[in-house]
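Trainee: I'm new to this one. Can you put it up and walk me through it?

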Amino acid sequence: MQDEGLDVIAEGLDTLKNMANDLNEELDRQVPLMDEIDDKVDRATSDLKNTNVRLKDTVTKLRSSRNFCIDIILLCIILGIAAYLYNVLK
């Protein structure tokens, strides 16, 4: 009876060993893919940072101090419209 139990345990351990070997093989196949994805993400991050720097420079050039007065006037107009709508809808 003990021998039968040990045989069942041995079969279970063989099954687990085979599953572990299959998992190890799958991981070995996926490691290069993960490395490639990691490299692509690093390149995309670098490109995004460069694009953000260029965009910031462009926005800074476009939003010079002469536009500041126009921004203040437009802000006042928007606040006036908001106040009017608030009073009307109240």
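Mentor: The protein chain has 2 helices and 0 strands. Helices (H or I, at least four residues) and strands (E, at least two) are DSSP runs, numbered from the N terminus. The radius of gyration of the protein chain is 33 Å, well over the 12 Å from the globule rule for 90 residues, so the chain is more spread out than a compact globule. That radius is taken over C-alpha atoms, and the globule rule is 2.2 Å times the number of residues to the power 0.38.

Trainee: Where do these numbers come from?

Mentor: This is a predicted model, where local features need pLDDT of at least 70, side-chain atom pairs count only at pLDDT 80 or more, and totals for chains, interfaces and linings use all residues. Residues are numbered from 1 along each chain as its sequence is written, and side-chain values use heavy atoms, with hydrogens and water left out.

Trainee: What does the C-alpha trace span along its principal axes?

Mentor: About 90 × 45 × 10 Å.

Trainee: And how much of the chain is buried?

Mentor: Buried residues make up 1% of the 90 residues. Buried means under 20% relative accessible area, exposed over 50%, partly exposed in between (1.4 Å probe, protein chains only). The accessible surface of the chain comes to about 8,600 Å², and 64% of that belongs to carbon and sulfur atoms. Areas come from the Shrake-Rupley method with a 1.4 Å probe; for residues, only the protein chains shown count as cover.

Trainee: Let's do H1. What span should it have?

Mentor: Helix H1 covers residues 2–62, and at 1.5 Å a residue its 61 residues should span 90 Å. The expected span is 1.5 Å times one less than the number of residues. The end C-alpha atoms of H1 are 85 Å apart, which agrees.

Trainee: Where is the kink in H1?

Mentor: At Gln30, shortly before the proline Pro32, and it is about 30°. The bend at a residue is the angle between axes fitted to the seven residues ending there and the seven starting there.

Trainee: New topic. How many salt bridges?

Mentor: The count comes to 2. A salt bridge is a side-chain nitrogen of Lys or Arg within 4 Å of a carboxyl oxygen of Asp or Glu. Glu26 pairs with Arg29 at 2.5 Å, N to O. Both lie in H1, 3 residues apart, about one turn of the helix. Glu26 is partly exposed at 31%, and Arg29 is exposed at 51%.

Trainee: And the Glu36 one?

Mentor: Glu36 bridges to Lys40, with the closest N and O atoms 3.3 Å apart. Those two also sit in H1, 4 residues apart, about one turn of the helix.

Trainee: Is Phe68 buried or exposed?

Mentor: Exposed, with a relative accessible area of 53%. Phe68 and Met19 are 49 residues apart in sequence and 67 Å apart in space, C-alpha to C-alpha.
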